[in-house]
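Good morning, and thank you for making the time. Please turn to the sequence and the structure on the screen, and I shall take you through them region by region.

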Amino acid sequence: MQYRTLGNSGTAVSKLALGTMYFGSENTEEEAFAILDAFLKAGGNLIDTANVYVGGMAEETVGRWLAARPSEVTDRVVLATKGRFGGPDVNDHGLSRRHLHRALDASLRRLGVETIDLYQMHASDPHTPIEETLSFLDDARRAGKIHYAGLSNFTGWQLQLTVSTAKAMGVQVPLTLQQQYSLLSRESEWEVVPAALHNKIGLLPWSPLAGGFLAGKYQRGGVPASDTRAGSEKDLYQWVSAEYAASDRNWATIDEVVRIAKETGTTPAHVALSWLADRPGVTAPIFGARTLKQLNDNLGAADLTLDDEATAALDRASAPISGGYPYGAFGTTQRDRWFSADGAQAPSLLLEGGSDHPLGRI
């Protein structure tokens, strides 16, 4: 297992992180404990959960596992959870001081710990001033309830607003951003990833295998097996799977992943995870496992580094379709500069008017 620093901090975390979204529903507690044990034995140490996973059962499962293991084992864990969503009351959601105070204390109780290493805001909140949220997180850090703060599902401008406001307030800047990111979901590269790179925010991608599509589980036009997420009766799985399956680009990307896996003697999941783990700014993709076999299959990606040719082939196949503006070739020319010995002109292929077009000049 390789290790990286958690964002712009000195804490080291494993190249791959274990997600626990369905602990307590899709596997038994015994199976969950075995998965957690095997993850640590393989060198993994970053474990991610959230207060709303299975209505709090995921946190409780992780908490009971921590309590059942000796401190020399559990001290290795870098524990991450989230707060933002909650119950039915009007104040059971959001990033207000009132709600986060209750949510954090409840997570600490369920996990059975005094301090959470990484406390993440599960999504943005348009009704709470970011100053209020950051002030609470700073107080929680000073009280010893959290070590670091992170974000999740923020847009680029929301990430920049949070960072800039934290610096202006003189409080700790969030270290990480947990975002949907995979070979089938690269749109964050237009704004979110550049904002994270600029601010040295570590990326923790969720759904790195796109619900199993990048593991090679499904065939175009085929009927998903009943024990897969695409074959599940859950509305969320069906909706997400249908969106992935409707894209020709996605199937072309999957074909490329399978081809590279065959050529390198590995699995499609290893290829997809390795590509993502080595993207700029990525700290650790967060993958889930319903079984011990799934865990061990995915852990093999920690030892795989794709060569330049394979990486370039995947980049081409999976490139998101942006249109011309603001993220396509025409829009990009509005935000860049080119330097050359012949008059500092922009490359003519990017501009409709050629290299002498006014927009091509510095």
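This is a predicted model: local features need pLDDT of at least 70, side-chain atom pairs count only at pLDDT 80 or more; totals for chains, interfaces and linings use all residues.

Which residues in H9 are buried? They are Arg249, Asn250, Trp251, Thr253, Ile254, Glu256, Val257, Ile260 and Ala261.

H9 covers residues 248–264, which makes 17 residues. From its first C-alpha to its last, H9 reaches 25 Å, close to the 24 Å expected at 1.5 Å a residue. Just after the helix comes Gly265, whose phi is positive at about 70°. Trp251, one of the buried residues of H9, also belongs to an aromatic cluster with Phe213, Tyr218 and Tyr244.

I turn next to the strands. Strand S5, residues 78–83, is mostly covered, since six of its six residues are buried. Val78, Ala80 and Lys82 point one way from S5, while Leu79, Thr81 and Gly83 point the other way. In a regular strand the side chains alternate between the two faces of the sheet. In S5, the residues pointing either way are all buried.

What are the partners of this strand? On one hand, strand S4, residues 46–48, runs parallel to S5 and is joined to it by three bridges. Within that pairing, Ile47 stands opposite Leu79. On the other hand, S5 pairs with S6 over four bridges, again in the parallel sense. There, Ala80 stands opposite Leu118.

The arrangement continues from S6 to S7, which run parallel and are joined by five bridges. Six of the seven residues of S7 are buried, so this strand is largely enclosed by the rest of the structure.

Is Gln120 buried or exposed? Its relative accessible area is 0%, and because buried means under 20%, Gln120 is counted as buried. Its side chain is joined to that of Gln178 by a polar contact of 2.7 Å. In S7, the bridge partner of Gln120 is Gly150. Leaving aside neighbours within four places in sequence, the contacts of Gln120 include Asp48, Ala80, Thr81, Leu151, Thr176 and Leu204.

In soluble globular proteins, nonpolar side chains tend to be buried together. Here the largest nonpolar core holds 75 residues, of which Tyr119, Leu214 and Leu295 touch the most other members. Helix H1, residues 29–41, supplies the largest share of this core, namely seven residues. Which residues does Leu295 touch, not counting those up to four places away in sequence? They are Leu18, Ile35, Ala38, Phe39, Phe287 and Ala289. A second, separate core has twelve residues, among them Leu6, Leu46, Ala80 and Ile286.

Aromatic pairs are my next topic. How many aromatic pairs does the structure hold? The structure holds six. One of the aromatic pairs is formed by Tyr325 and Phe330, with 6.3 Å from centre to centre and 50° between the planes, a tilted arrangement. Tyr325 is exposed, at a relative accessible area of 57%, whereas Phe330 is partly exposed, at 40%.

Tyr325 brings me to the backbone. Most residues other than glycine have a negative phi, and most peptide bonds are trans. The peptide bond from Tyr325 to Pro326, however, is cis, with omega near 5°. Pro326 sits in the loop between helix H12 (308–318) and helix H13 (329–333).

Two further residues call for comment on account of phi. Asn153 is not a glycine, yet has a positive phi of about 60°. Asn153 is placed in the loop between strand S7 (146–152) and helix H6 (156–169), and counts as partly exposed at 31% relative accessibility. Ser207 likewise has a positive phi, near 55°. Ser207 is found in the loop between strand S9 (202–203) and helix H8 (235–245), and is partly exposed at 22% relative accessibility.

That concludes my presentation, and I welcome your questions.

Key
Residues are numbered from 1 along each chain as its sequence is written. Side-chain values use heavy atoms; hydrogens and water are left out. Helices (H or I, at least four residues) and strands (E, at least two) are DSSP runs, numbered from the N terminus. Buried means under 20% relative accessible area, exposed over 50%, partly exposed in between (1.4 Å probe, protein chains only). A nonpolar core is a set of buried Ala, Val, Leu, Ile, Met, Phe, Trp, Tyr and Cys residues joined through side-chain atoms within 4.5 Å. Contact means heavy atoms within 4.5 Å. Rings of Phe, Tyr and Trp (its six-membered ring) pair if their centres lie within 6.5 Å; planes under 30 degrees apart count as stacked, over 60 as edge-to-face and the rest as tilted. A polar contact is a pair of N or O atoms within 3.5 Å; within protein, one must be able to donate a hydrogen and the other to accept it, and residues adjacent in sequence count only if both atoms are side-chain atoms. The expected span of a helix is 1.5 Å times one less than its number of residues. Two strands pair if DSSP finds at least two bridges between them.
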